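Me: I am new to this structure. Please show it, and then let us go through it in questions and answers.

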Amino acid sequence: MPEQGPVSLLAALEGRRVLLSGPVGPDGDSLGACLALQHWLRTLGGDADVAAVLPQRYAFLPNAEGIVPDSRVEPGYDAVVVLDGDRHRLAPQVEAAFEAAEVRAIIDHHASTTEDGYTHFWVDGGAVSTCEMLFEAMQAAELPLDADLATMLYVGAIFDTGGFRYSNTRPSTHRMAAALLEAGVDHADIALKVLMERRLSALRLLGDVIADATSYCDGQVLVGRVPLAMAKRRKLRPGDLEGVVDALVHVKGVEVGALLIERRATRVKASLRSAGSLDVAALAAELVPSGGGHAKAAGAVVDCTLAELEERLVAKLARCLGAAETSMALASAGEADS
Ligand SMILES: [Mn+2]
């Protein structure tokens, strides 16, 4: 049974060589949380490295320039902390460092994360974001809040709530945002960079995905695809696909939006979003044991072809939704629904 909560974790990190990282393809909550915890440890007189492949959209984050690319992580850390997502989706070099470390910790708010494999476990499946968990612990510890730290935390707060629009947003989220604004964050600039801005070729890729998306199950399922050829044509970079799956689930009548990203010929990443009636974290775990996430936003990496995964996914969804699997060829030909 691992030790629980923030107090024992911070005590365990004291005086150790610490690495902080999230799952591969980190999002705003994971990156914000890694940098915020690094800031906290530095304030306490310690230090930590942060490992990630940094998407360009997050390059503005304070101390982002010090982030170590996953591939350049070397062994020798006494403590590795996984933030915002579990140890099953770490980059290989980070995973090796994690396995070799004495302290193997997690800070997370994914309900699907279990204690197995950790020495220190600080997980709150009901928390809005990992950044909000850190914010509350920092407030309890009376850590001074400056504009840099507030910026890191604000990125997580808006990423995981879609800019305070998702159903997970709470009064506590807005109270935290108020404190961060008082500390001096440039909220409009952060929202633009994190939630809205795209590279031109990423916008064209979004157009490709939407134009080619297939509607199934009487319009309740919309599947978009990013085959390798499309990724190559649009010069796909980390972060370019953020928000794409959301565009799929926000179509009227859609219960589940799925984005299938071909990583190689026999490995596909599925990003799943639910409008609310179906638990996509459970669905992701059914596709592969390492799949999971939140009830309304989840993912899985499956070793099969894109076409095979699409078929399996649609068959499962048809069963869950009690609908016919058949695709709506007419929808793309005539756009019957407008
Ligand atoms: Mn998160």
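Reply: Six strands make up an open sheet, with parallel pairing and the order 1-6-5-4-2-3. This is a predicted model, in which local features need pLDDT of at least 70 and side-chain atom pairs count only at pLDDT 80 or more, while totals for chains, interfaces and linings use all residues. Residues are numbered from 1 along each chain as its sequence is written.

Me: Which are the edge strands of the sheet?
Reply: Strands (E, at least two residues) and helices (H or I, at least four) are DSSP runs numbered from the N terminus. Two strands pair if DSSP finds at least two bridges between them. An edge strand pairs on one side only, and this holds for strand 1 (3–4) and strand 3 (49–51).

Me: Over how many bridges do strand 5 and strand 6 pair?
Reply: Strand 5 covers residues 103–108 and strand 6 covers residues 120–123. Ile-107 stands opposite Trp-122 in strand 6.

Me: Why does Ala-202 count as buried?
Reply: Ala-202 lies in helix 8 (residues 200–212). A residue is buried if 20 or more other C-beta atoms, placed from the backbone, lie within 10 Å of its own, exposed if 12 or fewer, and partly exposed in between. Ala-202 counts as buried because its C-beta neighbours inside 10 Å number 22.

Me: How many residues of domain 1 are in contact with domain 2?
Reply: The domain assignment, which is automatic or from a database, gives domain 1 (3–195) and domain 2 (201–334). Their centres, taken over C-alpha atoms, are separated by 27 Å. Two residues are in contact if their C-beta atoms, placed from the backbone, lie within 7 Å. Domain 2 takes part with nine residues, and the number from domain 1 is nine.

Me: How far apart in space are Ala-202 and Ser-71?
Reply: Ala-202 and Ser-71 are 131 residues apart in sequence. In space, C-alpha to C-alpha, the distance is 24 Å.
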